[in-house]
Amino acid sequence: MPPAVKKLGPAHFCYDQEDANVKYIAEHLPWYGPAYSPHDVPSFYDISGITEDPQAFRSVIDLFVERYRAAGDKGPTHIAGFDARGFIFGPPIALALEIPFVMIRKAGKLPGVLLSSGKYTTEYSTDETVIRLGSVKAGDRVVLVDDLIATGGTALAGFDLVDALGATVYEFAAMITLPFLDGVGKIHSYREGRYKNVTCFTMIDDTTIGPSMCKNPPEGTPRIVQADEVEKYLELFK
């Protein structure tokens, strides 16, 4: 039985953050400040905290699977993951549900005949994604999966790709959202509300992750350590 669902906003939901499994997952989703992140953002969530803990990883997959299996015949027919972190969570969910996993990749990565999203802007860069023609079709119900919802740019590229192929986005699923970027609001207001009724579902409520989950090392620790200096810093990470 999946945990109770909590409403975060219009067509935006997460699981009950007091559920034991959800709490365990949240405790394994650390963040880093700008000095120790690949991008200049206040909090960079690190999903390796989940992938490196088998119990947390299994709980994430099981909870998503329970959610979609509970929908029965009206549930998703496909899982589509975004390059690259959507490829971590999407395939095991699809395998457990015994439905196809579809890759939405950055331009230049897929063979075959492709549909392009065109250029779009994310919180970090300008990107373009593609999907293979024939991977989804009219009548398919597709869950889009990524690690987080930030500006919504990548998500909307996926929405438009699935929509252009005649399929329907069943839900956008992610581990967490960055509320200050209002990605969910942008998804629902896009193209005069074309996707306003599509649920965005995040496993963890951003407010659950507090300052104690910051994993910045002691001040002065370099961001990149060279191989011949690694012995100096190993003690910090035991």
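Trainee: What makes V225, V230 and L234 a nonpolar surface patch?

Mentor: Patches are made of residues with over 30% relative accessible area and no salt bridge, and nonpolar side chains (Val, Leu, Ile, Met, Phe, Trp, Tyr) are joined within 5 Å, while like charges are joined within 9 Å. V225, V230 and L234 make such a patch of about 200 Å². Accessible areas come from the Shrake-Rupley method with a 1.4 Å probe, and for residues only the protein chains shown count as cover. Bear in mind that this is a predicted model, where local features need pLDDT of at least 70 and side-chain atom pairs count only at pLDDT 80 or more, whereas totals for chains, interfaces and linings use all residues. Residues are numbered from 1 along each chain as its sequence is written, and side-chain values use heavy atoms, leaving out hydrogens and water.

Trainee: Why does V225 count as partly exposed?

Mentor: Buried means under 20% relative accessible area, exposed over 50%, and partly exposed in between. V225 has 33% relative accessibility, so the residue counts as partly exposed. V225 lies in the segment after β15 (199–202); helices (H or I, at least four residues) and strands (E, at least two) are DSSP runs, numbered from the N terminus.

Trainee: How do you know what span to expect for helix α3?

Mentor: The expected span is 1.5 Å times one less than the number of residues. Helix α3 (residues 54–69) has 16 residues and reaches 22 Å from its first C-alpha to its last, close to the 22 Å expected. Its buried residues include A56, I61, F64 and Y68.

Trainee: Why is the contact between R67 and E171 called a salt bridge?

Mentor: The rule asks for a side-chain nitrogen of Lys or Arg within 4 Å of a carboxyl oxygen of Asp or Glu. In R67 and E171 the closest N and O atoms are 2.7 Å apart, so the pair qualifies. E171 counts as buried because its relative accessibility is 3%. R67 also lies over the face of F201, at 3.9 Å from the ring centre; the rule is NZ of Lys or CZ of Arg within 6 Å of the ring centre and within 35 degrees of the ring normal.

Trainee: What is the salt-bridge distance between D163 and R194?

Mentor: D163 and R194 meet at 2.9 Å, N to O. D163 lies in helix α5 (residues 153–164) and R194 in the loop between α6 (183–193) and β15, so the pair ties together parts that are 31 residues apart in sequence. The count by this rule comes to 12 salt bridges.

Trainee: Why is the pair of F57 and F89 called edge-to-face?

Mentor: Rings of Phe, Tyr and Trp (its six-membered ring) pair if their centres lie within 6.5 Å; planes under 30 degrees apart count as stacked, over 60 as edge-to-face and the rest as tilted. The centres of F57 and F89 are 6.0 Å apart and the planes are at 85°, so the pair is edge-to-face. F57 is in helix α3 and F89 in helix α4 (residues 86–97), 32 residues apart. F89 is buried, with a relative accessible area of 1%.

Trainee: What makes F159 and F172 a stacked pair?

Mentor: Their planes are 20° apart, with 6.4 Å centre to centre, so the pair is stacked. F159 belongs to helix α5 and F172 to strand β13.

Terms used:
Buried < 20%, exposed > 50% of the residue type's maximum accessible area, 1.4 Å probe, protein only.
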